[in-house]
Amino acid sequence: MIEINNLVKRYGDKKAVNGISFTVNDDEVLGFLGPNGAGKSTTMNIITGYLSSTSGTVKVNGHDILEEPELAKKEIGYLPENPPLYTDMTVKEYLDFICDLKGVSKDKRKKQLDRIVSLVKISEVYDRLIGNLSKGYKQRVGIAQAMVGNPSILILDEPTVGLDPNQIIEIRKLIKSLAKSHSIIISSHILSEIQEVADRVVIINKGKVAAIDTVSDLSKRLSGQTKLLMTFKGPLKEGIGKVRTIPGVQSVVPRLADSKFSQLEITIVSDSSADIRSAIFYMMANESWPILEFRSLDPSLEEVFLSITAR
Amino acid sequence: MYAIFKREFLSYFRSPVGYVAISIFSFLAGFIFYSQFSYGTVNIGSEVISLRSFFVIIVPIITMGLLAEDKKRGTDILYYTTPVSLFNVVAGKVLAAFALYAVMFLNVVIHIIVTLACGGQFGVGAVGTIIVFFFMAFMFISMGMFASAITDNQIVSAIVAFIFILITQLLTMMSEYAGTAVTSLASTIGIKSESASSAGSAVKNFVGWFDPFAKTQDFRLGVFSVSALIFLLSIGILFLYMTYRVLEKKRWSQA
């Protein structure tokens, strides 16, 4: 359990973190969301003891990070934005070194490392130099490093950034499996990514907490913002006119138009619970305008902030 | 501390750095020993004293990466977020660099064995120079480590260490110059020649007080001075303390 109380970090006149408070419960995955520069990494660096806050407290399982740093740090495994890897060591040597740093005794070491290595799936690169590994493997070695010493809390700063889609899915799976026995804070600037793995979400913006909510409540709040994107073969102006006539449609904005096809962004009224997709489909079919693409648009972070701060 | 020491020491041999440093030292030591040997009179003490002049090249090579490399790679975060203390980090790293020096010094041990085997002398004066050598190595390594703490660029770190050591090695000369300069300056502005020369020698003594080479020059004669060793040790510890403060300050940085 982590209790964060009124954290402030000042850089000169600028407050990178301005009064952030929240708690992370045991065995909970907390998504930490915010645009770039919102103060996510700074907050995580403070929680892990890498930086000191200007004011405010962080308690890790009851231990203050400044007053009892060694006890607090034992409870935390941290994967920073750039994994702290020694490229001149093999994975084995590196994890052995981390065991030394975290004071894992020799007799427990082999068992613990075996478990971690099979969990994060790095056994095939165990004897290779870290500098020669792909980004996905480096990220996994970074996660393995965080897990050494059996910390009850894992703090992962943008663990999927820069990975290819397959690797992202792998890492997500890994995080889900870790969630069974760890409290996890995971940061990202992509909403959908957090929604998949997290139980609760803390959204921060400009150094302040904009919202703390469960994922399902957050989705409910955002349901008023449903948007569809449709690309079809047909005239743009008539298309807009026709789609507007469908009940429940709030606005239709043209996205793109050329000789081959038109693209519309359709916003649905917030109180409309009806699914208008079939209505649109039949209407387009009537007009013989084939639909080439039809999908719902994820709300962007900016829209999330707007909808949250508007209420 | 052992974990840091082990990693740092082995990392010298994962890159060319350790081999380069050992090669340079072996070449220099071997060359000096050979020229003495070919004349038929070997003096281990003067070999060790000659080797001291190369601190200025070898120490920056082995200290430049100690902390700068960590900062550049982002691995310094491990020192702050794991239970290891910064004191242990500093101690482990300085010991690793020192151990590399000890390995290099094995050259001289071989020379001693050869000398004794050929019926040469290895007196108490030579032991004195070796003691001074290691205390100086510690002091210069600490300076180099501090230079490595204040930047994340290895080249800058090496240059700063080079300048620190160069200044220390030139202190004997600099104290002479400073003394003469003060004396002549004082006479030109009309101070009596007696007072002028005493002012000059006061400045010379003051600057010279910091000169570790002058402080330890009698060791080669077998005259050991504990206070001189404490002086070397203190300067070394002072730089290690400053290194520690630089690392600690990073956590509180406001910029």
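A polar contact is a pair of N or O atoms within 3.5 Å; within protein, one must be able to donate a hydrogen and the other to accept it, and residues adjacent in sequence count only if both atoms are side-chain atoms. By that rule, six residue pairs are in polar contact between chain A and chain B, both residues at pLDDT 80 or more.

Good morning, colleagues. The structure before you is a predicted model, in which local features need pLDDT of at least 70, side-chain atom pairs count only at pLDDT 80 or more, and totals for chains, interfaces and linings use all residues. Residues are numbered from 1 along each chain as its sequence is written, chains are lettered from A and ligands numbered from 1 in the order in which they are written, and side-chain values use heavy atoms, with hydrogens and water left out.

Let me begin with chain B. Chain B contains 13 helices and zero strands, where helices (H or I, at least four residues) and strands (E, at least two) are DSSP runs numbered from the N terminus. Its C-alpha atoms fill a box of roughly 65 × 60 × 30 Å along the principal axes.

I turn now to the interface. Contact, meaning heavy atoms within 4.5 Å, involves 31 residues from chain A and 26 residues from chain B. About 2600 Å² is buried between the two chains, with carbon and sulfur atoms giving 60%; buried area is the accessible area (1.4 Å probe) that two parts lose on being put together, summed over both. Of the area that chain A buries against chain B, A:Tyr50, A:Tyr86 and A:Leu101 supply 28%, more than any other three residues.

How many salt bridges link chain A and chain B? There are three, a salt bridge being a side-chain nitrogen of Lys or Arg within 4 Å of a carboxyl oxygen of Asp or Glu. Over all chains, the structure holds 19. One salt bridge joins B:Arg7 and A:Asp88 at 3.5 Å, N to O. This pair crosses from helix H1 (residues 2-11) of chain B to the loop between strand S6 (76-79) and H3 of chain A. Another joins B:Arg14 to A:Glu93, with the closest N and O atoms 3.7 Å apart. On the side of chain A that touches chain B, strand S1 (2-11), helix H2 (69-74) and helix H3 (91-102) each supply at least two residues. H3(A) provides the largest share of that side, seven residues.

In summary, the contact takes 31 residues from chain A and 26 residues from chain B, and three salt bridges are counted between them. Thank you.
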